[in-house]
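Morning, everyone. I have a few minutes and one structure to walk you through. Please look at the screen.

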Amino acid sequence: MSSRVQMNPKVAVSVVFVAAMFMSIMDSTVVNVALPALSRQFNVTGTAIDAIVVGYLVSLAVIIPVSGWLGDRVGTKRIFVSALVLFTVASALCGLATSLPMLIAFRVLQGLAGGALTPVGTAILYRTFPPEERVQVSRILNIPTVIAPATGPIIGGLLVDKLSWRWVFYINVPLGILASIFALFFLHEYYENTNKRFDILGFLLAGIGLALTMYALSEGPVYGWTNGTILGTGIVGLLMLVAFVFVELRSTHPMLDLRLFNNKLFRTCNLVTVFSGAGFMGLLYAAPLFLQEARGVSAFTSGLTTFPEALGVLVSTQIVARLYPKVGPRRLIAGGLVGVTIIELCMLTIGMDTNLWAMRGLMFLTGAGMAYAFIPVQAAAFATISPAETGQASALNNAQRQVGASLGVALISTVMSTVGMTHIANGSMQPNLTAYHAAFITSAILAVIAVSFALRVRDKDAASTMRQRGKQAEPEQVLEPALQVEAGI
């Protein structure tokens, strides 16, 4: 029992957060790789198999708005561990599924758990680390969010090729069990003293509105934006979200405290995240399609070609952590995103016969540039958020992050479809390189929009996350807490 009490809470939170987020984020990417095998397994053709992905996204969107209230009212540890256990159990059930409807149902359970994991986990992380250590927190946060999407296609391809599609889900089980046990023993409970009752109207408007919007964004590029179902769900979803805003601003006990957006720094950083994340996720969507559909390489080679972006992020984090206390968030974010814009425009030089190492180099540089946005934005966004507001702020942050990522993929997918991914050349159907170049240009435009918001970030508003010049420690001392955490990991 004494070992539980004596464990550094920062180490405990970091270990559990990284494990849970890695498992949750990687799940979506490895499942995408397994879709062809699942289509053959259940004898489903066309886009019907997409329900496995859409069901997860929709249930994820439903639970995010209520996660902040649940964590504050029931306890962050209790909700986080419950979500972790449910995600692990649902993963095992997905692997055991014998029919498509059964698999979709278990994926919905996974989404409900995953929707609570990220915002509640982030709230625990930011309540554990004080503002002056937020840069180090962001370095921890970016381990799973960068590595998981990059390694997912590689791991998924190997599992499907060497074992079976079931192992795409089984891989979560041992990690989930270990993380659940560790969290149960070493995480500290946190309650927010509040008598705020459950906002049922806000929950219905936000949950259903987000779910319908996410469905329209994910399926719009597949069925077309003029499709009756897509158009209907998209309009109804947006109207419900507009109604949600009016209801919550008038409510004394809102489901999500939208008044937090009155905080200029929090609002601006969230806008940066929406557009930079949309561009980045759109690029990560377009690049594998270009490699596999246009260049004809295997899924494994495609994964190895896009993976360097994760290495770029990890290398740059070491530099950003040292620069942040002296330079502040504004110039780092804007400079990094300007660099990303230039690199994404350099993607236009990639053709059908270009050496893949050239693309690997550009992916590495893209990740390196994005690190200059990822870490400062995460640190600055919560700089002026109080511990009592952290749960609500985390739920808002994660809701807009999901919408931003879906918006980026939907926009770039639509651009590619509009241009046409194939065309007739030399009397035969050939990949249309212009469509992929249009996708890279769109990603660059989204990055430019993010730059415009980054320039509105004021360093003095994020002063609590920066060490005072007179008390500035050497870079090695500044990094020491994070290194200790990583050593614990």
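This is a predicted model: local features need pLDDT of at least 70, side-chain atom pairs count only at pLDDT 80 or more; totals for chains, interfaces and linings use all residues.

Now the overall picture. The protein chain has 489 residues, and 54% of them are buried. Its secondary structure comes to 18 helices and 2 strands. What about contacts along the sequence? Take the contacts with a separation of 6 or more: 83% of them join residues 24 or more positions apart.

Find α8, residues 172–186. It has 15 residues. From first C-alpha to last, α8 reaches 21 Å, close to the 21 Å expected at 1.5 Å a residue. Which residues of α8 are buried? They are Asn172, Val173, Gly176, Ala179, Ser180, Ala183 and Phe186. Keep the helix repeat in mind here. An α-helix has 3.6 residues a turn, so residues three or four places apart point the same way.

On to empty space. Rolling a probe the size of a water molecule over the atoms shows where such space is left. I'll take the second largest pocket, with a volume of about 480 Å³. It is lined by 19 residues, and the closest to its centre are Phe261, Leu396, Ala399, Gln400 and Val403. Which helices supply at least two lining residues each? Four to look for are α9 (200–223), α10 (228–250), α11 (264–294) and α16 (390–419). By class, the lining has 15 nonpolar, 3 polar and 1 charged residues.

Stay on α16 for a moment. Ser394 is found in this helix. Is Ser394 buried or exposed? Its relative accessible area is 0%, so Ser394 is buried. Who are its contacts, beyond four places in sequence? Ser394 is in contact with Thr118, Pro119, Thr122, Ala123 and Phe382.

Last stop: His437. Look for this residue in helix α17, residues 433–454. What does its side chain reach? The backbone oxygen of Leu348, at 3.2 Å. Leave out residues up to four places away in sequence, and His437 touches Met347, Leu348 and Ile350.

Terms used:
Residues are numbered from 1 along each chain as its sequence is written. Side-chain values use heavy atoms; hydrogens and water are left out. On a 1 Å grid over the protein atoms alone, a cavity is a set of points where a 1.4 Å probe fits but cannot get out, and a pocket is an open set with protein on both sides within 12 Å along at least five of seven lines; lining residues have an atom within 4 Å of a point. Grid points are joined across faces, edges and corners, and a volume is the space filled by probe spheres set on the points. Ala, Val, Leu, Ile, Met, Phe, Trp, Tyr, Cys and Pro count as nonpolar, Asp, Glu, Lys and Arg as charged, and the others, Gly among them, as polar. The expected span of a helix is 1.5 Å times one less than its number of residues. Buried means under 20% relative accessible area, exposed over 50%, partly exposed in between (1.4 Å probe, protein chains only). A polar contact is a pair of N or O atoms within 3.5 Å; within protein, one must be able to donate a hydrogen and the other to accept it, and residues adjacent in sequence count only if both atoms are side-chain atoms. Contact means heavy atoms within 4.5 Å.
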